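Me: Please take a close look at the surroundings of the ligand. Then tie that part to the rest of the chain.

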Amino acid sequence: MTGDRQPDERELDGRAELLMIKLDEQAEASGYHFNPDREMTFLLVRGLVTNTVRYGYPGCPCRLMSGKKIEDLDLICPCDYRDDDIVQFGTCFCNLYVSKAVKEGRAESHSIPERRLPTFEERKAEMKKRRDDPEGAGMKVWRCKVCGYICCRQSPPDECPICFAEKARFERIKAMEPQSAPKASPAPDPTPRR
Ligand code: SF4
């Protein structure tokens, strides 16, 4: 027994309400959107609060945490998979974050497949592949033509998180060729000049 007082349900609800306001503001300020279904959103944020109390970090409320932070880093909300899922399916895996079209009712969100690889070893290998050869692993560099924001991901975001320009305003930047080493200047001629 550590003697630490565990928060009761009411306290957890209160924390979730405050966190929901904060995350919602942060999301809107950076081109992301909460699911407009406030009841569902609250339950998911409440799950983040519960996981923070349980593990010490806000792990994804819809997935099983290992409890080892190093193995769960990719699942700390917002998880590593959010952006690609929103672009491809209009929602993150939990349905907490949705695309602008879903938020505005122009598209529907539904359950989506899990893109996270099942074992820690597989995920580590994938991360290494992305680090060593981002293009080969499907990662591309995108630049917002309006404000110059640059990101590296499979496809550009729906909206620029800085200036809110739409997806179509992004252009792909090819990876830079490694710079060729500067040519060495010829060694001075040691022959004495007359
Ligand atoms: S799936 Fe959604 S709620 Fe779950 S960690 Fe990712 S961004 Fe957060």
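Reply: Ala, Val, Leu, Ile, Met, Phe, Trp, Tyr, Cys and Pro count as nonpolar; Asp, Glu, Lys and Arg count as charged; the others, Gly among them, count as polar. This is a predicted model, in which local features need pLDDT of at least 70, side-chain atom pairs count only at pLDDT 80 or more, and totals for chains, interfaces and linings use all residues. Numbering starts from 1 along each chain as its sequence is written.

Start with the ligand. Its shell holds 13 nonpolar residues, no polar ones and one charged. Of the 14 residues around the ligand, the nearest are C60, C77, C79, C92 and C94. A residue counts as near when its C-beta atom, placed from the backbone, lies within 6 Å of the molecule or strand.

Now take C94. Beyond its neighbours within four places in sequence, C94 contacts L44, C60, P61 and C62 (contact: C-beta atoms, placed from the backbone, within 7 Å).

Next, the largest nonpolar core. It has 20 residues, and V45, C92, C94, L96 and Y97 touch the most other members. Such a core is a set of buried Ala, Val, Leu, Ile, Met, Phe, Trp, Tyr and Cys residues joined through C-beta atoms within 7 Å. Buried means 20 or more other C-beta atoms within 10 Å of the residue's own, with C-beta atoms placed from the backbone. α1 (9–29), α2 (38–55) and β2 (97–98) each give two or more residues to this core. α2 gives the most, with four. Helices (H or I, at least four residues) and strands (E, at least two) are DSSP runs, numbered from the N terminus.

Finally, the whole chain. The protein chain has six helices and five strands. Buried residues make up 21% of its 194 residues.

Terms used
Buried ≥ 20, exposed ≤ 12 C-beta atoms within 10 Å, placed from the backbone. Contact = placed C-beta atoms within 7 Å.
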